[in-house]
Amino acid sequence: MKNCLFCKISNGDIPCVKLYEDDDILVFLDISQTTKGHTLVIPKEHFENIFDLTPETITNIYKHIPKVARAIMKAFNAKGMNIINNNGETAGQTVFHYHVHLIPRYNEDDGLRVIYTNHMDKYSKEDLEFIANEIKNNI
Ligand code: 5GP
Ligand code: ZN
């Protein structure tokens with residue numbers, strides 16, 4: 001897609017530091033290096049985010065993620081890894097070509113902070129059932 005940064009990277013118009021590629025996917029270092037080894041996995045074909053993806057494309061992407069994740073862990077003796085995919089501006093997506101972040105973790109102050117707020121006390125069992133039904137009705 002014209003004017004898409006990751007399409008330009010995937011077709012070679014913009015350089016990247018490449019780790020792996022095949023006909024369907026490209027794996028390269030994220031320029032920001034949130035932590036050492038921060039890597040992106042993208043489909044070569046343009047999809048804006050998870051809401052557009054086909055089962056074939058998500059399969060092609062995730063087929064490669066375990067081996068890339070293991071390689072990053074081994075290369076830098078990382079202690080853990082966050083695998084993150086932001087979908088939509090509100091969720092923090094800034095590049096609108098689907099991508100998965102592989103962010104190795106070294107300690108709590110290594111550059112990434114993930115905070116989950118616990119609202120367990122605000123939802124009854126009935127509330128949870130209502131929420132589940134609303135979602136199920138849309139699958
Ligand atoms: P998002 O915020 O959409 O989930 O992630 C976009 C990511 O793309 C960011 O982590 C950002 O550092 C990375 N990024 C932005 N521009 C470039 C670039 O030109 N090259 C590379 N390798 N990564 C980029
Ligand atoms: Zn694109």
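Colleague: Which residues coordinate the zinc ion (ligand 2)?

Modeller: Please keep in mind that this is a predicted model. The donor atoms lie at 2.0 to 2.3 Å from the zinc ion (ligand 2), and they are SG atoms of cysteines and ND1 atoms of histidines. The residues that carry them are Cys4, Cys7, His46 and His97.

Colleague: What arrangement do the 4 donor atoms around the zinc ion (ligand 2) make?

Modeller: Four donors count as tetrahedral if all angles lie between 85 and 135 degrees. Around the zinc ion (ligand 2) the 4 donor atoms subtend angles of 106 to 117°, and therefore the arrangement is tetrahedral.

Colleague: How many residues apart are Cys7 and His46?

Modeller: Cys7 belongs to helix α1 (residues 5-10), whereas His46 sits in the loop between β3 (39-43) and α2 (55-76). The pair thus links distant parts of the chain, and the separation is 39 residues.

Colleague: Is Cys7 buried or exposed?

Modeller: Buried means under 20% relative accessible area. His46, at 22% relative accessibility, counts as partly exposed. Cys7 has 6% relative accessibility, so Cys7 counts as buried.

Colleague: How much of ligand 1 does the protein bury?

Modeller: Among the polar side-chain atoms beside ligand 1, one of His101 lies 2.8 Å from an oxygen atom of the ligand, and one of His99 lies 2.9 Å from an oxygen atom. Taken alone, ligand 1 exposes 520 Å², and the share of that area buried by the protein is 82%.

Notes. Residues are numbered from 1 along each chain as its sequence is written. Chains are lettered from A and ligands numbered from 1 in the order in which they are written. This is a predicted model: local features need pLDDT of at least 70, side-chain atom pairs count only at pLDDT 80 or more; totals for chains, interfaces and linings use all residues. Side-chain values use heavy atoms; hydrogens and water are left out. Donors are N, O and S atoms within 2.8 Å of the metal (3.2 Å for Na, K and Ca); water is not among the atoms, so sites may look incomplete. Four donors count as tetrahedral if all angles lie between 85 and 135 degrees; four count as square planar and six as octahedral if opposite donors are over 155 degrees apart and all others between 65 and 115; anything else is irregular. Helices (H or I, at least four residues) and strands (E, at least two) are DSSP runs, numbered from the N terminus. Buried means under 20% relative accessible area, exposed over 50%, partly exposed in between (1.4 Å probe, protein chains only). A polar contact is a pair of N or O atoms within 3.5 Å; within protein, one must be able to donate a hydrogen and the other to accept it, and residues adjacent in sequence count only if both atoms are side-chain atoms. Accessible areas come from the Shrake-Rupley method with a 1.4 Å probe; for residues, only the protein chains shown count as cover.
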